[in-house]
Amino acid sequence: MDLTKRVPVREQDPRARATNFDEVCLGYDEEEAVAEASRCLNCRNPLCQQGCPVSINIPAFIRQIREGNFEAAADVIAQASALPAICGRVCPQETQCEGKCIRGIKGEPVSIGKLERFVADWARNNDYQAAKAGEPNGKKVAIVGSGPAGLTCAGDLALMGYQVTVFEAFHQPGGVLVYGIPEFRLPKDAVVKPEIEKIRKLGVRFETNVIVGRSITIDELLDEQGYDAVFIGTGAGLPKFMNIPGEIANGVYSANEFLTRNNLMKAYRQDSDTPIRCGKKVVVVGGGNVAMDAARTALRLGAETHIVYRRSEAELPARREEVHHAREEGVIFDLLQNPIEILTDENDWVRGMKVIKMELGEPDASGRRRPVEVPGSEYVIDCDTVIMSLGTSPNPMLTSTTQGLEVNSHGCIIAREENGETTRKGVFAGGDAVSGAATVILAMGAGKTAARGIDEYLSGK
Amino acid sequence: MYRILKVQHLSEKNWLMEIEAPYITRRCQPGQFLIVRTGEMGERIPLTICDYDREKETVTIVFQVVGVSTARLSELKEGECLTDIVGPLGRPSDFVNEDPEELRKMHYLFVCGGVGIAPVYPQVKWLSRHGVKCDVIMAARSRDLIFYEEQMRSVAENVFITTDDGSYGMKGVGTDMVRKLVSEEGRHYDRCVAIGPVIMMKFTSLCTKELGIPTVVSMNPIMIDGTGMCGACRIVVDGKVKFACVDGPEFDGHLVDYDLAMKRARQYKEEETAAMHEYEEHHCGCCDRKEAA
């Protein structure tokens, strides 16, 4: 065995998967996992662990895999992460744990993400619940939002013995894991639901269809409902648009809408009541992970799919793996182009998009080379659907109805990094609602930090 | 959970339901709406709140069967439960936060068409409780489509009825009555609220603009989450894009782009028609409706 190379992970054939919503990556089996685990150098100073936002003891769980002790491996992960089956699938490991792996210096880093996923899947398939609820301490915490930040915070608090209730605005818990990330990257029934079930088994109560800020307020939770603290993990749900002409035409979606219809409402299934209109040719505007998700979804619904992005390949903010998968499946990348107008037919339906070519100029504030328009290079891409995937910002619905909760100029809740404390006593926050749109794992890290912060606040009380 | 306490078949396609929904009833205000869902694969349907009882913790909704989702909703019986209900959504009517003293100097004219009677009722009820005078024009195609008349009369100063076919009240449409009251009878109104089909709100707004009466309308576009997340409910007001779910649903009637709103409302017409066709075929009466739900 060549130890510089990873054990390859099995995937659905690109041509087959471009027409279905089944998971793309099939994961390791036991034999493959043990083989990959044996590549770990077991470094004395494990940099991988420093690269993990929730500080999983990575060498320890890999060692257990190598020994074939999968339960023990699950126990190690459970000490740090409540959602390993999800993180193993959607974390950007290449810039975190795997980016720091010493193996990676002279070869490919250990597939830490795939190993984490293996352990989580093994535990689920073998009904092994690693974490146990703590001794009840009689204190109540309300969690607002059941996405990655909220779930992590809820799980950690339940382990410490808190009585936790999670409030979710949608009819299903999971937040972005359910409405945003598509089935082919993160299966809902097979992975997300069981992970949430694990948290429920720790005694966490879920109340769906409750919009904190509308159905109930933070004041009521604290003053009338007897909660001792509140954690806000409401994410970044507001879609951005470009404000170009024609953007309100029929056939222009926000990525949020397109993905919510498909993921949460299951519009891709025949038996769903929610319609989705994909057309024959779809243009997705943007280059992030959400843009990749939207494009790969449109492709699976049968459309020729283009990604229009104003910078070049090197600046695509999406994970390499996502770009690679999208391309393999047949998504066409129209790089260094920017939409300037959406063209419509007589019934106000999209019929095309006018774009202008761009070139890269001097680096901007983000350090990336700034795209500059090439004069006179406008042309029209024919299309019947446009999906705007330009990022999202936090929803003001909760902050605008809560006294004493300060936000910054981007609408993000101001919270202390070390403990999640907001400007309102007893109220903590974390995840995209604080940072602006980021990743699942950073939200989980923030949920974890806030759980510790809440514990310190309430035990010091 | 979300138990249906009362089902009333109002007319051919119109239904009324009273549902247990404590979270909504505790805090809802006139002008707000809710979202319901029927069945695990059901669509999220935004509906206006017709009435609420804070003690019983129930809300009353009125809806028209326009597609598969509303047809499914209409099949639910008393004692059964909705799969989901969530709210209150949207901003309350502006008057809720105005000085009651100032409000009492105003005379309101409400124009409601079709199921638009439903959201008007809690507004009139609220205003009359605060001592504000309200006249209400209830407009419908024919007599059997008028509902809640008695309740409306119990809270409004005057109720005027128009029907397209003349089967009840004055023959004509809502705007005919507006003109009659204002131009012929010389009545004065400080504010108008028009709620109903988009086309009716459009013409009512054109009419009140001419008569110089500030007008509020309530938009009910296609929506998914109702919390500002998806942007499906985008409409244009005064040249600016607004999200009806969080910026509204009520807007200045003289500034809404109604033609655009009507085009956007037809986005899924083909899909809806096909789905309804399939639904009706499978609902010949010989099979149990639960199968489809």
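Helices (H or I, at least four residues) and strands (E, at least two) are DSSP runs, numbered from the N terminus. By that count, A:R185 sits in the loop between helix 10 (176-179) and helix 11 (188-201) of chain A.

This is a predicted model, in which local features need pLDDT of at least 70 and side-chain atom pairs count only at pLDDT 80 or more, while totals for chains, interfaces and linings use all residues. Residues are numbered from 1 along each chain as its sequence is written, chains are lettered from A and ligands numbered from 1 in the order in which they are written, and side-chain values use heavy atoms, with hydrogens and water left out.

Buried means under 20% relative accessible area, exposed means over 50%, and partly exposed lies in between (1.4 Å probe, protein chains only). Contact means heavy atoms within 4.5 Å. A polar contact is a pair of N or O atoms within 3.5 Å; within protein, one must be able to donate a hydrogen and the other to accept it, and residues adjacent in sequence count only if both atoms are side-chain atoms.

A:R185 is buried, at 11% relative accessible area. Its side chain makes a polar contact of 2.9 Å with the side chain of A:D293. Neighbours within four places in sequence aside, A:R185 is in contact with A:E23, A:R89, A:V90, A:D293, A:R296 and A:E322.

A:E23 is one of those partners. A:E23 lies in the loop between helix 1 (14-17) and strand 2 (25-27) of chain A. Its relative accessible area is 16%, so A:E23 is buried. The side chains of A:E23 and A:R89 are joined by a polar contact of 2.7 Å. Again leaving aside neighbours within four places in sequence, the contacts of A:E23 include A:Q12, A:R117, A:E183, A:F184 and A:P187.

**Salt bridges**

A salt bridge is a side-chain nitrogen of Lys or Arg within 4 Å of a carboxyl oxygen of Asp or Glu. The rule gives 54 salt bridges over all chains. The table shows some of them.

| Pair | N to O distance |
|---|---|
| A:K448 and A:D156 | 2.8 Å |
| B:R37 and B:D84 | 2.7 Å |
| B:R179 and B:E210 | 2.9 Å |
| A:R277 and B:E271 | 3.0 Å |

Take the salt bridge of A:K448 and A:D156. It links distant parts of the chain: A:K448 is in helix 18 (residues 440-459) of chain A, and A:D156 is in helix 9 (residues 148-159) of chain A, 292 residues apart. Both A:K448 and A:D156 are buried.

B:R37 and B:D84 also form a salt bridge. B:R37 belongs to strand 3 (residues 33-37) of chain B and B:D84 to strand 6 (residues 84-89) of chain B, 47 residues apart. Both B:R37 and B:D84 are buried.

B:R179 pairs with B:E210 in a salt bridge. B:R179 lies in helix 6 (residues 174-184) of chain B and B:E210 in helix 7 (residues 198-211) of chain B, so the pair ties together parts 31 residues apart in sequence. B:R179 is partly exposed, at 33% relative accessibility. B:E210 is exposed, at 57%.

**Where the chains meet**

How many residues of chain A are in contact with chain B? The count is 49 residues of chain A, in contact with 44 residues of chain B. Buried area is the accessible area (1.4 Å probe) that two parts lose on being put together, summed over both. Chain A and chain B bury about 3800 Å² between them, 53% of it on carbon and sulfur atoms. A:R214, A:I248 and A:D273 supply 20% of the area that chain A buries against chain B, more than any other three residues.

Five salt bridges join chain A and chain B. The interface also holds 23 residue pairs in polar contact (both at pLDDT 80 or more). On the side of chain A that touches chain B, helix 13 of chain A gives the most, with four residues.

**Cysteines**

A disulfide is a pair of cysteine sulfur atoms within 2.5 Å. The structure holds zero disulfides over all chains. A:C383 is in no disulfide, and the nearest cysteine sulfur, that of A:C278, is 11 Å away. A:C383 is buried, at 6% relative accessibility. B:C81 is in no disulfide either; the nearest cysteine sulfur, that of B:C28, is 19 Å away. At 31% relative accessibility, B:C81 is partly exposed.
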